[in-house]
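Trainee: I have a model to go through before the afternoon. Can we take it piece by piece?

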Amino acid sequence: AMQDAYGESVLFGYGTALFLHGLSRYAHLSEYYVVSPVKRKPRSAGGFGIRFIKPPLTEEMGTTTKCHDRISLCVTNLERTLIDCIHRPKYAQGWENVIHALDRAERVKGRRLIEYVKQYRTPSLVAKVGLIAEHYATRWKVSNSNLDSLRSYLPKTTIKFARGSGGRLNKKWNIYVPEGMFHE
């Protein structure tokens, strides 16, 4: 229905991409997130909502095709999806769903993840992704040299991982990390 309305090149991202990658903790979606080069008002169709999100990166960067119910869909690739969801967790059904997805994510290309996050030019996002990539470095094959390449992109002042969260200061990434953030 969405491809009929908006064309076959509609690009699914954020929480919808998490779902299509099989990483969401939710079995059904009530809202679909579409990457759009321009801001549009939310719409509804067939009992679900459609949110158009203008991302920091171009639409063409970090996309792939996924087959869902025998339909080919254009979706942000795994690395871009993870970064987008860390950047704007409200479009991924919240931090709880994002952390769940991070715990389940496999075959993440560490070098690609690092190169993408640099292009966002958002120091707080670099700190979050750096902390997360370091935590999952072994599973995602993120090298120390790739992590070290993020140093010049870090925020100059300390930040909190999420609004209202406290926690311990991780000096390497200049970020306060909530207790028990990682389930492993």
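Trainee: In this predicted model, which residue in S9 stands opposite Lys160?
Mentor: S7 covers 159–160, and strand S9 covers residues 175–177. The two pair in the parallel sense over two bridges. Opposite Lys160 stands Tyr176.

Trainee: What is the strand order in the open sheet of three strands?
Mentor: S7 and S8 (168–170) each pair on one side only. Pairing in this open sheet is mixed. The order is S7-S9-S8.

Trainee: At what angle does helix H6 run to S9?
Mentor: H6 spans residues 123–135. The helix lies across S7, S8 and S9. Its angle to S9 is about 50°.

Trainee: Which element gives the most to the largest nonpolar core?
Mentor: That core has 41 residues. Ile132 is among those with the most contacts inside it, and Ile132 is also one of the buried residues of H6. With seven residues, the top contributor is H6.

Trainee: Which residues does Leu82 touch, leaving out those up to four places away in sequence?
Mentor: Leu82 is also among the residues with the most contacts inside the 41-residue core. Sequence neighbours up to four places away are not counted. The partners are Leu18, Leu23, Leu102, Ala105, Val108 and Trp140.

Conventions. Residues numbered from 1 in each chain as written. Predicted model: local features only at pLDDT ≥ 70, side-chain atom pairs only at ≥ 80, totals over all residues. Heavy atoms only, no water. Pairing = 2+ DSSP bridges. Helix = DSSP H or I, 4+ residues; strand = E, 2+ residues; numbered from the N terminus. Contact = heavy atoms within 4.5 Å. Axes fitted to C-alpha atoms, helices over the stretch in contact; angles between N-to-C directions. Buried < 20%, exposed > 50% of the residue type's maximum accessible area, 1.4 Å probe, protein only. Core = buried A, V, L, I, M, F, W, Y, C linked by side-chain atoms within 4.5 Å.
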